[in-house]
Amino acid sequence: MIVCVAVVGHQNNPLYIQSFTEADDALKLHHIVHCSLDVVDERVNNPKRSGPTLNETYLGVLYPTENYKVYGYLTNTKVKLIMVTTDLDVRDADVRNFYRGFHAAYVNAVSNPFHVPGKKITSKTFAEKVSTIVKSFG
Amino acid sequence: MEDYPEELRTPPVALACLVGCPAVHGLITAHLHSQQPPINTIALPDFSKISVIPLKKPPRENSEPVGGIIRRDWLSKHRTRIPAVVAALFSSDNVYGDPAQWLQVCTDLENLKAVIRGRNIKLVVVVVVVTQSGHKDDTSEDRMTALRKRAELDAKNLIVFVPDDELELKQSLSRLWTAFTELANTYYRDEGRRIKTRLEKKNFSSMELNVRYCFKVAVYAEFRRDWAEALRLYEDAYHALREMVGTSTRLPPIQRLVEIKAIAEQLHFKMSTLLLHGGRVVEAIARLRQHIGNYRKLVGAPEVIFLHWEWLGRQYLVFAQLLETSSANVPNVQSMVSVPADKPTEWEYYPAYYYQLAASYLKEKKLCLEFALSMSENVGQIDGSAESVVASAYLGQFARLLEHDNTYVMQALTDDEYANHALAEGKRFQDSFEIIALLKRSFEAYSNSKAERMAAYCGLQMAKEYFSVSEFANAKQAFENVASLYRQEGWVLSLWEVLGYLRECSRGISSVKDFIEYSLEMAALPLTNNAVEPSFKDCGPAGPASLSQRAKIHEEALEVVRGESEENRDLKVNSDYPLYLEIDLVSPLRVVLLALVAFHQQTVKPGAPSLITISLRSQLPINVEIDQLEVQFNQSECNFIIGNGQKQNTAAISHVQPGRRVETAPDLVLATNKWLRLTYDIKSDQSGKLECMYVIARIGQHLTICCRAESPASMDDIPLWKFENLVETIPIKDPSLAFSGLKAIQVEEPDPQVDLTLGSTGSALVGEIFILPVTVASKGHAVYSGELKINLVDTRGGGLLSPREEEPFSSDNLHVELVDISWETHEDHSETRLDNIQKIQPSFGLISVPSLEEGNTWSCKLKIKWNRPKPIMVYVSLGYYPRKGEPSLQKVHVHKSLQIEGKTAVTISQKYMLPFRQDPLLLSKIKPVSDADQLPSLCLNESSMLIVSAKNCSEVPLRLLSMSIESEESNGACVIKPQHEEFKEPIVHMPGEEFKKVFTVMPKVNSTKLKIGTVSLKWQRDSRNFADDKSQVITKHRLPDVNIELPPLVVSLDCPPHAILGNPFTYSVRIQNRTELLQEIKYSLADSQSFMSSGSHSDTIYVLPRSAHTLRYMLLPLGLGPQQLPRVTMTSVRYSAGFQSSTASSIVFVYPSNPHFKASDILEIRKDSIAAD
């Protein structure tokens, strides 16, 4: 089950962060997402291998915690899409598929002419779309 | 890791035992220990001590119940007490001694064999040779053989040890080591194999034994340094143990699990160590994951659940320490590549990650322990009985030690007893400090690897731990570090939590300023939701992050400020402790109060009013009413105060200095995210920059917020709120001002009312002192403390100096210089000189101008000298005070500039001429040399003409005064006439005219480079304006050097000055030979139509040395007017030089009849001819 998804902007500021749990652990998930940004930075700043992975946007597992797994995705505009799941055995293909939908939803949301780039995403449609994708995951 | 016993932490080392001959033990022990692999030794001084080697236990009955999995002391027993090899050391004296000694040796050997046989320990016999005794060769061989037979040894295991000879000692030691290593390996292999066969045959009655056997085989393999085998068997043991979890029933459930976990921990530790030392980091990490996965869910009974968390935490801690100490390098982590789920991610290679996890589990343990302690009431009373609980003989088991008739008996514990024991043990430890220590390590490690967010998270947990033990100062510092990162990156919810803690810390250390600051910052955070979302409820001590909570916090802060707070008695704000908050450009409190100041103009005249708008905005959730605003400028007399019209009585409370301007605004209420705009006009009399520095808001009696003013043009977005979707409002109604307004205005200088005139007089001439009159005329301002600055600047850029010269102020290399400034003084001379500053440098001058009343004028003259032709700009600026004795006033400045061209006045050139109709043969002229290099050549001892011409290049008429030639060569090397000529009446020289003067030059010295001298022309401007100025200028021109030579031949033509038609005259050509040689000359005469001639036409003649030959012709003129004489052509054979008289010198005027001249006419004609030349 996906417990949290986040869109993180250029200054590592959250543009959209939504948790899908019943418990009061929004804050904990915020911390997990925030910490995972270090791994994204690390992977982006030290590109060693080139080749077929050069244009790869999907970053895979960023860091495992005991109860969660954190996945990352970096768009071409360097916006980070982070996902936290409680499923410890997830197929890579499923995650990639999830990100495809998530990225598309994000692109639609920021294509809105009334959206100011760099500001938080407050679109309700986006929220609904994301929640649908999250529910259909796994 | 330090908790583990030594034998577990270090790899096993083979053990040997030395018996007898204690003198050589030290030598052998040291040697064995230093080898690779090393061997540890037990040294027994004599054979009676061999009983320390424990005897073999009787074999286990299959029916016998198993007490535990692994004996606690098994490993240490094998490491320290049961040797693999025993070396019996006998002195050679005894071996070769008398029969009694020999018998003793045999007995000792038998006893030893009896002891070691049961354990299958290997034997080595060492004969220590004592040299003094000497060899008994006949007996020695027999005794040795007997000894070997008795000991049942191979020959190589009977070693003769010679301690006295260095070389032999070395050999003996090395043989000893080889034998020991070999035998030890055999021993451990045999032992391992023995137990392994049991495993292979499944010859064990219980799971416990399976685990135990695997463990033992693994340890024996480690003794042999067979790491792969050891690892494999540890793994087997681990898996067998894992199977026991659900099946074992030997112990009560809690203790059963505790035992299994303890064994699992040890086995895992061994495996991790082996993997990490083998450099297999990835496998080690994978194994750790698996290990944790295996046991994570086995939390055990709820009353001792803390033991589980402690155990988990320890697994991570130990792994972190292992990872830190292992030399294995972290493999290159693939970057920018999605990491597959089964591979470790970046942080898993760093110990920091495991420290952090260890800390988090330790924290979990702490919580559970606290809970468990609070649940069990009877911990206190069982404390006494818990003391008698000790670790039992088996690893991971505990038992009660009872004293029974002077013997101790172990009694098994019930689970309840064990739980009580565990609780009592747990109470003794201060977990918080350990947690903090772990987090600190993790924090530092993450900071070093630039993972600032991870570090911040560790810092946050650390701070919370400090907070939980009420170390508020430490906690506050740690929280502040974390808060700055969250602020910067806009993680509002996390920031809310941290600020909540910070608020509590400030309360804890009674820092009211911090408390108010954090409260206000929290209240102004961009959290606009209401507390409906459940997930936002648990957000630290400040409560749910919501709008209503913000309002509550705001209220609370205001209550503290007003001193009305009931809850916060420690936080005092009153007249003794007023509160002063400062908000600068980087302060997080900019969200609380932002002050923008914009002047409506960019520049203003002094004394003229300018509009200024002050815009204030706050993001606080509740409207803020300001009692008084003070606006401060860099010119403090402009400061003013805005009072609140609603609160007239409090507006005047304090801080109003007498004479200060006070305005009143109808109300000063700041609503959330709305601009409060106040516009006033402001006047400044002082020119320069007027800048608004601070806007100070006073709220209530004791709260002052000093906010640094910002310009709308350079305003940064306020932090945190910039990411929010807010309605953008502009701070000032005028949109252009909102984007370009500045908090500073330029107050201009007052207009000058003084004229500064530069008398322009055309271009200057090089060499003269050019005079530039400067006039200061007051037209409405009096001039006080006036200063006149003069600057000379090259119009083409660059300096006034020629670039080659180094010394800046030597007057020779200055192209243009300011020589002097002079002015007339009307008053007493000495007095004015005193207070006149005068400073003159070649390109800069500074003089003071005397005080002038209105309407007065003052003038001075600048004297500028040009050394080279060059156009320059003269900048003159006058600075003065319009009123006397007011130093605060700004100086008024007037600037003027003028371009002046510097021109050359006269150019001088020269020309040499030979005497008329006389031509010397100058050999240097024959040689083909390029014209440029050729110096003019003159004849030695012959007078030549020098014509010096001076051309007026300027645009003004000049008056020439004199011309002279100063000779450079001394003692009459060259005679020049006239040397100096003063013109009787000055010659007015118009522009473009050329003036010529003739000198005679007679060189007296034969020289190839004779310096003739320098022409000096003295002149002055022929100008009525400067009639009074008698300055004369000398222009100098150096004459080029000349080549003086002695001509070998001189040809001179001689004929009358004029001829008369029909009257014959004599025309003679005289050839002078000035050499000591005979000269052969060929000559010919060309016929002319105008003359009839007589004389030889062509011939070759010889001119004798130092004599002359004259060719004479009688000519009869046939035509009138200027006629060409017949041309004589001559060739000197010796010098191959031809001569033909020039056309000009061979013309004669033929009159029709004898003319009649008057003497005066002749004079006139001569004069004309000179002028014409």
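Which residues of helix H9 in chain B lie three residues apart, about one turn of the helix? Select B:Glu229 and B:Arg232. Both sit in helix H9 of chain B.

This is a predicted model, in which local features need pLDDT of at least 70, side-chain atom pairs count only at pLDDT 80 or more, and totals for chains, interfaces and linings use all residues. Residues are numbered from 1 along each chain as its sequence is written, chains are lettered from A and ligands numbered from 1 in the order in which they are written, and side-chain values use heavy atoms, without hydrogens or water.

**Stop 1: helix H9, chain B**

Stay on B:Glu229. The side chains of B:Glu229 and B:Arg232 form a salt bridge at 3.1 Å, N to O. A salt bridge here is a side-chain nitrogen of Lys or Arg within 4 Å of a carboxyl oxygen of Asp or Glu. B:Glu229 counts as buried because its relative accessibility is 12%. Buried means under 20% relative accessible area, exposed over 50%, partly exposed in between (1.4 Å probe, protein chains only). B:Arg232, at 44%, is partly exposed.

**Stop 2: helices H13 and H17, chain B**

Select B:Glu465 and B:Lys366. Their side chains meet in a salt bridge of 2.6 Å, N to O. This pair links distant parts of the chain, 99 residues apart: B:Glu465 is in helix H17 (residues 452-468) and B:Lys366 in helix H13 (residues 351-375). Both residues are buried.

**Stop 3: across to chain A**

Pick A:Asp38, A:Asp41, B:Glu452, B:Arg453 and B:Glu489. Salt bridges with shared partners join these five into one network.

From the N terminus, the order is β-β-α-β-β-β-α-α. Of its 138 residues, 55% are buried.

Zoom to A:Arg91 and A:Asp94. They form a salt bridge, with the closest N and O atoms 3.4 Å apart. A:Arg91 is exposed at 56% relative accessibility, whereas A:Asp94 is partly exposed at 25%.

Finally, zoom out. The whole structure holds 46 salt bridges over all chains.

How values were computed. Helices (H or I, at least four residues) and strands (E, at least two) are DSSP runs, numbered from the N terminus.
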